[in-house]
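Dear colleague,

Please find the structure below, handed over for your own work. My notes on what was found in it follow directly after.

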Amino acid sequence: MKERILNMIGLSLLAICFVVSLGRIAWPKSQTADGRDVETIRIAHWQLEGGVREALDRLGQEYEAMHPNVRIQQIPIPERIYTNWLITQLVGGTAPDIIQIGIGISDERLARFFDPITTLVESPNPYNKGTALEKVPMQETFFDGMLGGYNENLLEYYGVPLSGTSIRMYYNLDLLRKITGSEQLPTTFREFIALCRQAVDFGKSTGRALVPIAGSRYNGPQLMNLLFESQTQLLMEELSPAGGLMRDPISTLEWYADGKWSPESPAILSGMRLMREVAQFMQPGFMQLQRDDATFYFVQGRALMICSGSWDATSIRSQAPFRVGVSPIPFPTTDDPDFGKFTKGGVSEAGSLAAVSFGLTRASKHPEIAKDFLRFLGSQPANKIWTDVSRWVPSVLGVPPHPDAEPFLPITKGATPGFALATQPDAMRVYGTSINDLFGQEGSPEKFAKSLSKNLLDAQASDLRRSLLSTHMNSKRRDTVLASLVVQRAKAPTDFKLAEKFDKALQAESLAERGNYMAEAALRANDAAQNKEP
Amino acid sequence: MALPISQKKALLEWKLYLFVVPSVLLIAVFAYYPTISAIYHSFFRWGGGDAKEFIGLKNFSDILADRVFWSSFITIGILVIANVFKMVPSIFLAVLIHRLKSDRWQYWYRVILVLPMIVPSLVTLFIWKFFFDPNLGVLNAALDQSGFKTLLVQMDQVFGWGVFFEGVPTAWLGEPALIIPALIIWGFPWVGAVGVLIFLAGLQSIGTEVYEAADLDGVTPFQKFLHIEFPLIMTQVRLMLVLLIIGTLQGYGLQFLLLGENGGAGGRGMVPGLWMFNRAFIAGEFGYACALGLFLFVFILGLTWINNKFVRVEK
Amino acid sequence: MSSPTSMPTRSLAPLAVWFLVVGSAFLDSSRAANPVSMETAWEQAEVNLFNEAHTAFKKLKGQRGVDERERGFGEAVTLLNVQPRTPGNITRAEKMFAALAEEDDLYGYLASYYLARIWEDYTSPPQIDRAKVAYRELLKKNTGNPLVEGSAVRLALIEEASERDPAKRQEVLLAARSLAENLQTREGRRDFHLNLGLALVKAGDLSAGLEELLAADAEGITSPLSERGAWITIAEAARLSGKKEIAAEYYRKFLKKYERDVRSHTLAEHLAEIEASESPAP
């Protein structure tokens, strides 16, 4: 009897503890140190680069000062595992309130797990009160019209972008002075190559292990892809007369299948030659190195320069024991003796969209507070804090960039970039696994072109097929969305906003369907071209 | 072996079975459910989220035409064979430790062997990645210092490998032709603590009278190994073989960390597991990756069956 | 000694209490019945919550005050995207649309449209000929609904795709121009002219393509992304076909409205060429 009573007490205690812990997980409540109940807004991102976490912390503190019942909790996740972590959180229903949109977020995941904020951004931002943007709809207060937070397949705004980005060359100014006697950064391609050669000679004469450019699997292609695209500018214009002057995978494949270009075309070979010319100034075997290895090389003074994005500026500056200079990528000009034939000169960055975009998850338990925090993040005062603390380029109009961010402001002068050879997974795999034929000791543009010719077309077709499945899925999704809009519009014919949304959705759908048919035609052309080959 | 109990008695003591419930639940949720889910999703076009479309056996028919997948079996085949040979140092070391006359020294050698297990394998992998660095890595430095690099350059000129050049650091993970050698070299001297301990346990079950009889017959140390020790540890060898084959076939962490998601230069390091990862997380084809996983599972099951059937242990 | 059967029964009690307590902890308060209405169902469909919308439409069946045709249409159209998407679901949706299409009202027209959509895109293999016939029949009905008038765009796309010979594609597209006669809504005409214009330009007929694109622009292209593409194509097609005035007009329009565009520099160059060729010699 006594034993039974003790067992019952034990079991009951176990049950109570279990229920209490379930409750704590299911209904968490935060409290401040002084015992006030607060609502916690969790915000996750992958930007572990210097400056971002500090900026978000500061923004969180500013917001908390205005809203004492709210606590902002930052969750930084390493980029490498971000996708895995994200999927687990979204599917498990435990996602933070606000998540950075980008890596690992397909259209389908966006549609399923994120709340569109279109209604939010169509109205003026209350946090812009007292500024010139006070009466301007939030979407028009960003330098790119907030296209960085817009999804053209789902026709909704999903994210508030905080920053502009660009790619630049970083220089070790102290070392530059030792090599050249001045801190003048190269402004033309020939000056750039001459400087690289000077660095090599300097290394040899001083016995110092020095490479001109720190390369890696991450940094090397950033520079070389941009240089390559400068060589396909004219080719792209020739291939698409009266076209939209924009590169797209459908046209690229169609032109390839039609024989209008191949990896052995003169412009493409020129691009590869340019890549090899620059790659020789990177450390041997750089394609096996990671991003951190290249940064390590640079900050340790083993390399004169490194190519990276504006997002690395704060990290590099804080780690480097020397002064860091920044300059744009030096593209070959039209009068360059070796590379001027196929280029139109510098590449415009006018098309760059605002990045570091944060979206609202449907799993958020405090959607109104989260939306308000997003409004705050997208406001002029908040963006000023962002650029001042992170030293990243601001995204909101009228916000003066921090002096450290000024070199990274997008350069809007310049010609349209040409097309790249590989932008999708399978094409990038073929490209990446063959790149040794270009950069290797016995590599050459012709060898690289030959190995690409074997598999690149198939890979591009495979990517387009996969992309077509996704765009078909989007079209099917839009079918139901359009049905919803047309019925709602019929019931509320004077609802202007609904009419506008329906109109845009209709337009987008017709053009998207056109894209689907063109993609299918390009794939058929590719299949036909393959069958013709002996 | 436990004595059977009557059904009536089993029902009477039904409450005891509740103690098994938590473990069963955990296994069901974390082992069986993911497997069943993978089998289910292998019949769908699935992007990893909620949207999925039933496509029947299409994923499986796509596998048949997947050149990258089939060529990855060549790489994994080479690695499996290499790993079988890499068992030899562990056996050799186990025999050496076993033959030490001093128990105290045997103990200390076991401790020395086990201590590195504290270091997570991920750390070891990163250290090896650093070893392979063409400019700062220990491997290239050692080859240069020892003069072995010159020999390799000369051999390269004779055989036409095109990977070793005088004055040019060797890119062990950047040259297609060196990827597989690098994956084989990894882990040198290939003495795995777990393997050594398993073999040692097997060796220690051999009675001393066997050795005494062998000494009386004038058997040499090598003959002792060949005719006494090796046959008597075949159970452990078979176990290690199964674990090795399964581990190598399934594994891709090594290749992913050293070479990236595309298998490195020339895709030479692509193995079936890495291709499954690539299709899921790079291409977003989760349904197809599930089908690949299922195929791999059936393949490994088949190999295990063959191993069990043909690698017999004489009792 | 207690009997074997009574012991388990008595000791079940605390266990039962335990399971009840644990089980109640899993009760999600949000699962308490939310009132379902047609408005919420359509709103859920609008934001891609198709499973939820479909469930809502099904729950509304037989409820007082609910338009059964609207509800039926909602159930069918959300079924197209309920996950997982299976051939069985599509077949069920097809039957529901077929039943709705028997009447000539908004839902009848929409149902006919979605039937054609199913034959065009959802069945494997696609039943293109059947879809074509359905789209043609719909256009003849002059529904005055912009979504339904999208049938004209689809027909033009299908005709274009059906003609494998690039040399003959122009003819096919020019023949498709007659489809515009059935279009009553601004949106319907705009989308048709825009798509046909882009297709004609791609096929090499710059003049006809330009005509169509100008007609689309006259109707009003409201999406900035579409407008950019259309204006550039108009300007470039006009320039290449010698219509310099139109080209210059559209280059200026584009550069004024979309100054910050990656193509602005190239377009400015082309405008400068035109202006240089038109300025009198010194």
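In chain A, Y171(A) has M305(A) of strand 11 as its bridge partner. Please bear in mind throughout that this is a predicted model.

Helix 6 of chain A, residues 173–180, lies across strand 9, strand 11 and strand 12 of chain A. The direction of helix 6 is at about 65° to strand 9 of chain A. Helix 12 of chain A, residues 291–299, also packs on the sheet, where it touches strand 9, strand 10 and strand 11 of chain A. Its direction makes about 140° with that of strand 11 of chain A.

The sheet itself is open and consists of four strands of chain A in the order 10-11-9-12, with mixed pairing. Its edges are formed by strand 10 (211–214) and strand 12 of chain A, each of which pairs on one side only. From one strand to the next, the twist averages 25°.

Strand 9 of chain A covers residues 167–172 and pairs with two neighbours. With strand 11 (residues 303–309) of chain A it runs antiparallel, and five bridges join the two. I167(A) has G309(A) as its bridge partner in strand 11 of chain A. With strand 12 (residues 324–327) of chain A, strand 9 of chain A again pairs in the antiparallel sense, over four bridges. Here M169(A) has S327(A) of strand 12 as its bridge partner.

How many residues of strand 9 of chain A are buried? Six of its six residues are, and the strand is mostly covered. Both of its faces are covered: I167(A), M169(A) and Y171(A) are buried on one side, and R168(A), Y170(A) and N172(A) are buried on the other.

**Strand 13 of chain A**

- Strand 4 (residues 98–101) of chain A runs antiparallel to strand 13 of chain A and is joined to it by four bridges. I98(A) has L360(A) as its bridge partner there.
- Strand 5 (residues 114–115) of chain A pairs with strand 13 of chain A in the antiparallel sense over two bridges.
- Strand 8 (residues 159–164) of chain A is antiparallel to strand 13 of chain A, with four bridges between them. V160(A) stands opposite F358(A) of strand 13 of chain A.

**Domains of chain A**

The domain assignment divides chain A into domain 1 (22–165 + 354–408), domain 2 (167–348) and domain 3 (463–532). The C-alpha centres of domain 1 and domain 3 of chain A are 29 Å apart. Between these two domains, six residues of domain 1 of chain A are in contact with seven residues of domain 3 of chain A. On the side of domain 1 of chain A that touches domain 3 of chain A, two residues are nonpolar, one is polar and three are charged.

**Contacts between chains**

Between chain C and chain A, 53 residues of chain C are in contact with 50 residues of chain A. Several helices of chain C give two or more residues to the side that touches chain A, among them helix 1 (6–25), helix 6 (106–122), helix 10 (186–203) and helix 14 (264–278) of chain C. By class, that side of chain C holds 27 nonpolar, 14 polar and 12 charged residues.

Between chain B and chain C, eight residues of chain B are in contact with seven residues of chain C. Strand 2 (residues 52–54) of chain B gives three residues to the side of chain B that touches chain C, which is the largest share. That side of chain B has five nonpolar, no polar and three charged residues.

**Confidence in chain B**

The average pLDDT of chain B is 88, and 97% of the residues score at least 70. Where in chain B is confidence lowest, and where is it highest? It is lowest in helix 1 (residues 7–12) of chain B, with a mean of 76, and highest in helix 4 (residues 58–64) of chain B, at 94.

With kind regards

Definitions and conventions. Residues are numbered from 1 along each chain as its sequence is written. Chains are lettered from A and ligands numbered from 1 in the order in which they are written. This is a predicted model: local features need pLDDT of at least 70, side-chain atom pairs count only at pLDDT 80 or more; totals for chains, interfaces and linings use all residues. Two strands pair if DSSP finds at least two bridges between them. Ala, Val, Leu, Ile, Met, Phe, Trp, Tyr, Cys and Pro count as nonpolar, Asp, Glu, Lys and Arg as charged, and the others, Gly among them, as polar. pLDDT is the predictor's confidence in each residue, from 0 to 100. A residue is buried if 20 or more other C-beta atoms lie within 10 Å of its own, exposed if 12 or fewer, and partly exposed in between; C-beta atoms are placed from the backbone. Axes are lines fitted to C-alpha atoms, for helices over the stretch in contact, and angles run from 0 to 180 degrees between N-to-C directions. Domain bounds come from an automatic or database domain assignment.
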